[in-house]
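Subject: Structure handover

Hi,

Here is the structure for you to look over. My notes on what was found follow below it.

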Amino acid sequence: MRTKIVSAFPGVGKTTYHKNNPDTTLDSDSSGFSWVVNENGEKVRNPEFPQNYITRIKENIGKYKYIFVSSHKEVRDALLDNCLYFYLVYPDDNRKDEFIQRYRDRGNDENFIKLVDSKWDEWMSEYYWMDRGCEKLTAYDGWNLDTVLEAQDRRDGGEVIQEDVEELN
């Protein structure tokens, strides 16, 4: 089976897609790899991250159609360092307010919401300027991960879709 590694922004739909397609997807949340509890009971960065995460990804290539991974810069850089091509899925930058509300609605921690709010422009710029090792896929208004992947699968099959034609006009 050909596996596509999908590095997708929080809230774009990785978990929902996985719940609807558990046999063909692996939703690999990086938090279980990036944090450990030290001898004092404190949560600290895992010194083996992100290589331990990359190892998990590599172990599952060929087992799933999609492996969903974090969009953190450390993860993207590690994918590149390990010559693992990936699809980078991120929302159109004008969807910030929608995504902030989405995080509130799903019960995300307020610190997470503040972080995304303060870093949104920086992260969108990073994604926009990323120029190697991945194919960038934008989740436009009304699009979620399901819509983006469906469109990408159709493009991979050589099919021209209406959105492509409209974009050229």
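This is a predicted model: local features need pLDDT of at least 70, side-chain atom pairs count only at pLDDT 80 or more; totals for chains, interfaces and linings use all residues.

Contact here means heavy atoms within 4.5 Å.

**Core**

Start with I57. Leaving aside its neighbours within four places in sequence, I57 is in contact with I5, I67, V69, L79 and L84. I57 also belongs to the largest nonpolar core, a set of 44 residues. Which members touch the most others there? They are V6, F9, I57 and L79. Helix α6, residues 110-129, gives the most to this core, with 6 residues.

**Helix α4**

L79 leads on to helix α4, which spans residues 73-81. Its buried residues are V75, R76, A78, L79 and L80. What covers them? The cover includes two helices, α3 (51-60) and α6. It also includes the strands β1 (4-8), β5 (66-69) and β6 (86-91). After α4 comes C83, which has a positive phi, near 55°.

D77 is partly exposed, because its relative accessibility is 28%, between the 20% and 50% cut-offs. K73 is partly exposed too, with a relative accessible area of 43%.

**Other salt bridges**

How many salt bridges are there by this rule? The count comes to 10. Here are some of the others.

R95 pairs with E98, and their closest N and O atoms are 2.7 Å apart. Are these two partners buried or exposed? R95 counts as buried, because its relative accessibility of 2% is under 20%. E98 is partly exposed, at 31%.

K96 and D117 form another salt bridge through their side chains, at 3.0 Å from N to O. This pair links distant parts of the chain. K96 sits in helix α5 (residues 96-105) and D117 in helix α6, 21 residues apart. K96 is partly exposed, with a relative accessible area of 21%. D117 is also partly exposed, at 38%.

Finally, there is a network: salt bridges that share partners join K4, K65 and D153.

**Where to look**

Best wishes

Notes:
Residues are numbered from 1 along each chain as its sequence is written. Side-chain values use heavy atoms; hydrogens and water are left out. A nonpolar core is a set of buried Ala, Val, Leu, Ile, Met, Phe, Trp, Tyr and Cys residues joined through side-chain atoms within 4.5 Å. Buried means under 20% relative accessible area, exposed over 50%, partly exposed in between (1.4 Å probe, protein chains only). Helices (H or I, at least four residues) and strands (E, at least two) are DSSP runs, numbered from the N terminus. A salt bridge is a side-chain nitrogen of Lys or Arg within 4 Å of a carboxyl oxygen of Asp or Glu.
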